[in-house]
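I opened the notebook to record what I looked up in this protein. The entries follow the order in which I checked things.

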Amino acid sequence: MDVRFSSRASTQTLFAQVYEYIWTRIQRGEWKEHEKLPSVRLLAAELNVHRLTVFKAYQLLKEEKKVYVKDKSGYYVHPGGAMPLDNLDSPIVSSYVQKSHLSEIHKVPVTYQFSYALIDPNLLPNRFFSEYVKEIFDLYPKVLSSYSTVQGDEELREALCRYFMDMHRFHLSPEDIMITSGSQQALDLLARMLVQPRDAVLIERPTYSAAIDIFRQLGAQLIPVEIHPNGYDLDQVEAYMKRYKPRLFYLNPTYHNPTGYTVPAEQRKQLVELAERYRCFVIEDDPFRDMYFESEPPPPLFSYSVEGYVVYIRSFSKYVAPGLRIAAVCLHPSLVSHFFTVKSLADNGSPLLNQKIFLHYFSSSRMQQHIEKLRTALNVRKTIMEEELSATAWRWNSPAGGLNLWVKLPESLSMEALLAKSIEQSISFVPGSICDPLKETKSWLRLSYSYISEKQLREGTKLLISMASELAGTVE
Ligand SMILES: Cc1ncc(COP(=O)(O)O)c(C=O)c1O
């Protein structure tokens with residue numbers, strides 16, 4: 001393969017090409033963890049570029065912890081950057097496909113399911129839906145005979161628009177709302193619309209694991225921003241915006257997945273101001289907003305948006321009907337036609353039947369009653385898990401809403417060993433490392449308390465603790 005780069009390209013483009021060349025080969029596993037990389041001199045000759053260009057590319061990779069240096073010996077591949085070997089079983093395809101880490105965990109059927117950030121199906125309005133479907137066909141006899149519009153059903157967008165204006169004072173018209181098949185699709189489409197290879201993307205650390213996979217798949221350069229119980233270090237966010245000129249900041253500021261943290265109102269306003277100052281899009285992913293235990297969370301960032309840099313994704317998947325795959329995306333009018341294009345290329349519009357079923361539930365008083373009961377049920381489950389965990393020295397911040405506990409275990413405990421042993425005992429959880437863009441958060445795990453029954457929750461938590469203590473010798 002001739003990989004020599006055109007000498008007519010500008011220095012900046014050459015540098016980006018060399019960087020991309022090295023990083024792609026590492027990611028594909030062609031250069032393996034701890035393997036020595038070609039010397040600057042050799043690679044410069046091979047690619048027909050100046051040595052300084054290769055040196056600069058190596059330096060950036062080093063800064064990003066993708067390679068490391070051994071004194072006088074050269075550059076080596078940093079562990080954790082390459083795709084795992086099991087992804088290379090069909091090299092032609094898998095070299096280009098980013099692994100979906102969360103789906104791999106969910107693939108394993110278990111009894112004590114702590115890895116699903118979903119709600120127990122017994123708590124969802126199944127009966128109501130099954131009775132309703134017939135009525136939907138009576139109301140819209142041709143509902144299956146046509147596509148939905150690409151933007152989504154007009155009646156539904158009007159209802160959502162009224163809701164967002166009343167609840168959050170969004171300045172919006174139904175034309176600024178697009179319906180997608182869940183927030184997962186919204187995120188994937190927004191990423192495709194906004195991000196090109198090598199674009200800098202700010203992402204919370206830790207974050208929703210699938211978001212990392214989506215941005216990696218597109219070749220984005222991920223810049224982690226730590227999220228704390230009280231939000232972010234805004235000086236750091238500003239410094240990153242200045243330095244990396246990111247395309248976007250992906251955030252999940254309300255009952256954040258996986259930590260459960262909520263970004264305070266003052267920070268939300270300041271973040272929007274920063275985004276506008278540095279022309280950085282903000283993707284606000286907000287699937288847990290209604291799942292609060294006592295008081296309502298602060299308003300969405302979108303409600304502070306003036307210049308249109310904030311894109312708001314609101315999924316109703318979690319607490320209404322995950323199977324309907326319904327989410328709404330609110331965008332500035334200047335972005336709507338671009339989103340229309342990516343959505344139409346993906347699927348020509350989400351299923352109309354699902355949208356109509358959702359609309360009628362959403363517009364009924366049943367939905368509010370259901371949500372209120374659900375909040376109590378989730379709070380009870382959270383308390384049960386916390387009661388069981390209080391027998392250990394594990395640490396977590398009790399969340400004010402959402403579906404997960406983000407738990408720190410003793411550092412001496414191997415998370416890989418605990419997960420392997422748990423799966424044997426029919427328990428699953430999300431290891432913290434897959435939620436970390438740097439893959440370093442080794443002693444944390446995410447436990448979802450929302451999916452299994454109260455009885456199973458107690459049994460499963462006890463079992464997990466006893467396995468961890470067996471592994472560690474003792475519960476510290
Ligand atoms: C933060 C976050 N975003 C998006 C999703 C995907 O949700 P949906 O079912 O709407 O696709 C999830 C699911 O866990 C999530 O936690």
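This is a predicted model: local features need pLDDT of at least 70, side-chain atom pairs count only at pLDDT 80 or more; totals for chains, interfaces and linings use all residues.

**Entry 1, a pair of helices side by side.** I then looked up helix 14 (residues 365-389) and helix 16 (residues 454-472), whose axes cross at roughly 25 degrees and come within 9 Å. Helix 14 and helix 16 are therefore roughly parallel to each other. I noted the crossing of these two helices as right-handed. On the side of helix 14, the contact is made by V380, R381, I384, M385, E388 and L389. Helix 16 brings E454, L457, R458, T461, K462 and I465 to the contact. Sorted by class, I have six nonpolar, one polar and five charged residues in this contact.

Next I checked helix 7 (residues 154-168) against helix 13 (residues 352-362). Their axes come within 9 Å and cross at roughly 35 degrees. The crossing is left-handed. I listed E155, L156 and A159 from helix 7, and Q355, F358, L359 and F362 from helix 13, as the residues that make the contact. The contact of helix 7 with helix 13 has five nonpolar residues, one polar and one charged.

At what angle do the axes of helix 8 and helix 12 cross? I found roughly 120 degrees, with the axes coming within 9 Å. Helix 8 is therefore oblique to helix 12. I recorded a right-handed crossing for this pair. Helix 8 makes the contact with L189, R192 and M193, and helix 12 with H338, F339, V342, K343 and A346. These contact residues divide into five nonpolar, one polar and two charged.

Which helix gives the most to the shell around the ligand? I found helix 8 (residues 182-194), with three residues. There are 13 residues around the ligand, and G182, S183, Q184, S315 and S317 come nearest. By class, I wrote down five nonpolar, seven polar and one charged for the shell.

Last, I looked up the domain assignment of the protein. It gives domain 1 as 11-77 and domain 3 as 127-366. Domain 2 is written in two pieces, 101-123 and 368-472. I also noted the spacing of two of these domains: the C-alpha centres of domain 1 and domain 3 lie 37 Å apart.

Notes
Residues are numbered from 1 along each chain as its sequence is written. Domain bounds come from an automatic or database domain assignment. A residue is near a molecule or strand if its C-beta atom, placed from the backbone, lies within 6 Å of it. Helices (H or I, at least four residues) and strands (E, at least two) are DSSP runs, numbered from the N terminus. Ala, Val, Leu, Ile, Met, Phe, Trp, Tyr, Cys and Pro count as nonpolar, Asp, Glu, Lys and Arg as charged, and the others, Gly among them, as polar. Axes are lines fitted to C-alpha atoms, for helices over the stretch in contact, and angles run from 0 to 180 degrees between N-to-C directions. Angles under 35 degrees count as roughly parallel, over 145 as roughly antiparallel, 65 to 115 as roughly perpendicular and the rest as oblique. A crossing is left-handed if the near helix is turned anticlockwise from the far one by less than a right angle, and right-handed if clockwise. Two residues are in contact if their C-beta atoms, placed from the backbone, lie within 7 Å.
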